[in-house]
Amino acid sequence: MKTATDFIRMPSLSKTGRLLAVGLPALLLAFPLLCADRGAPRAAAPRAAVVDRTSHGSVRHVDTHVVQRPAPARPEPVRPEPARPVEVRPNVAPRTVVAPPRNVVVHRDVEADVHRAHVWDDFAFGRRLRTLPVGFLNFQVGGVPYWYDDGIYYQQATDGYQEVYPPVGAEIPEPPDGAIEIDGGGGEVYYYAGGAFYEQQADGSYAIVPTPIGVVVPELPPGAAPISINGTTAYQFNGIDYEPVFVNGVTQYQTFAQ
Amino acid sequence: MKDRKRLPLPVPVFSRLVFPLAASFLLGLAAPSVPAAGDKAAIEPRADELLKRMGDYLGQAQFFSVNAEIWQDIELSSGQRVQADRTVTLQVRRPDRLHTEVHSTRRNHELFYDGDAITLFNRAQNFYGTVHTSGPLDDAMDVASERFGIAIPLEDFIRSDPHKDFLARAVSGVDLGPVTVMGVPCEHLAFTQDNIDWQVWIQDGAAPVPKKFVITYKDEPDSPQFTAIFSNWDFTTKLPDFVFKFEPPAGAAKIKVQEIKAENQSHKTEEK
């Protein structure tokens, strides 16, 4: 006959012990699975610096973000209502505009010396060509015809075409290859290439806007001419002055108006 | 029923062991697996000792110069990963003199600190700019980095107490044992922080100088690395004042030095 003590102690405690004896190894085996997320690759943190922090090469200043860059994603643009009925294609996903485009240099590194030549690097105002490059675009800006290819704009000349300054208002499907993202300081994002500042439009295209004054660009427009203003060295391109200034320890150029 | 409650629980020996073990195990599960930053327990004593030896050696040196070859992972606009190269020369004289030169194919810029001002010099374009600041090197380097965004090359090795600064946010550190770097026997140390891993290879022998240094930015896409290979450590050649004093070359143009963090005004600095 079982005593009260037996009744209390034996079945429950031995059962607990057995459960733990089985459960503990099982828990130990499951532990790596439970903690699997600790070793999983982390989602990339949003990068908050125009200047790569990798440039610092410093443990102490690993989080010294030099210049805050604008948010990487922009909201879906508001599209105007179509003026006339358009064909609806239900199997086409709505376009999401995400800045910056793939061919834009996002993280401008101040120290790393990597240079990729771009067609627009070779721009020379007034240079004449008999024939246009293959793949050119043709459009009008304010009723004036222009031709465009790889960041360079052309107008017709007597014996062919000539290179001209990027016309404000010109719209192209995407920024020229190698365009550099520029923070306008007030939330604006520009894409800078060949001396032109492009801004994304509501329809996803990129239009040349008037050169913003006071922004800093990492390199001069191609063919910018040195000038002296009150004894200070500056450069001029298409009527805009660029003043050299040390930003993040290296020479960059700030636009200004005289 | 009262008696039943008063009865002592004759817990079997197995259960007496299992309960505390299980409780300890479960508590261990609940505890964070990654030690807090600066937790010495997570730094292997041997790694800590070697890092301190290097830090003391550099921090107590009154002057030194060294060259370094730097390789940095860069992502092109096409998405392709490449390495960019530059060479660095450091000349340090404590407590308040520094000259650095960064040289690459298309760039050549120097930084002078003479205890009174930091001068940046773009030799390729003959531009220079100066900001006033004073004090020991640590303070000047903080001004340069935090207020002007200037990346002092390899500043972790220039600071007055490298060991302390290196471990300020380290969460673990191990000694991976002896290896050879560029033919030189070294000890390989590896440390982790929240968002980076870093490694240093310290030369064996009486001069425990770093021969190689790698930072892995593990919170950046594709975890790019910064690698420095050191050479020509020199603790004997004296560095006179003129090394640290900038004299504008003929035709040099003075330009502004843009301050990037207006809110961080803890140091007294002004544009000259």
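Begin with chain B, whose secondary structure comes to five helices and 14 strands, where helices (H or I, at least four residues) and strands (E, at least two) are DSSP runs numbered from the N terminus. This is a predicted model, in which local features need pLDDT of at least 70 and side-chain atom pairs count only at pLDDT 80 or more, while totals for chains, interfaces and linings use all residues. Residues are numbered from 1 along each chain as its sequence is written, and chains are lettered from A and ligands numbered from 1 in the order in which they are written.

Of the 272 residues in chain B, 35% are buried; a residue is buried if 20 or more other C-beta atoms, placed from the backbone, lie within 10 Å of its own, exposed if 12 or fewer, and partly exposed in between.

Now select residues 45-60 of chain B, which form helix 3. At 1.5 Å a residue, its 16 residues should span 22 Å, and the end C-alpha atoms are 22 Å apart, which agrees; the expected span is 1.5 Å times one less than the number of residues. Colour A47(B), L50(B), L51(B), M54(B), G55(B), Y57(B) and L58(B), which are buried in this helix. They cover an arc of only 160 degrees around the axis, which puts them on the same side of helix 3 of chain B, the arc being that of the directions from the helix axis to the C-beta atoms. An α-helix has 3.6 residues a turn, so residues three or four places apart point the same way. On the other side of helix 3 of chain B, P45(B) and Q60(B) are exposed.

Next, show what the buried residues of helix 3 of chain B pack against, including helix 5 (162-167), strand 7 (172-181) and strand 8 (184-192) of chain B; two residues are in contact if their C-beta atoms, placed from the backbone, lie within 7 Å.

Move to chain A, where five strands form an open antiparallel sheet in the order 2-6-5-4-3, two strands being paired if DSSP finds at least two bridges between them. Its edge strands, strand 2 (128-129) and strand 3 (137-141) of chain A, each pair on one side only. Within chain A, three bridges join strand 4 (residues 144-149) to strand 5 (residues 152-157), which run antiparallel, and Y148(A) stands opposite Y153(A) in strand 5.

Finally, select I172(A), which lies in strand 7 (residues 171-172) of chain A. With 18 C-beta neighbours inside 10 Å, I172(A) counts as partly exposed. Not counting residues up to four places away in sequence, I172(A) touches L137(A), Y148(A), S205(A) and Y206(A).
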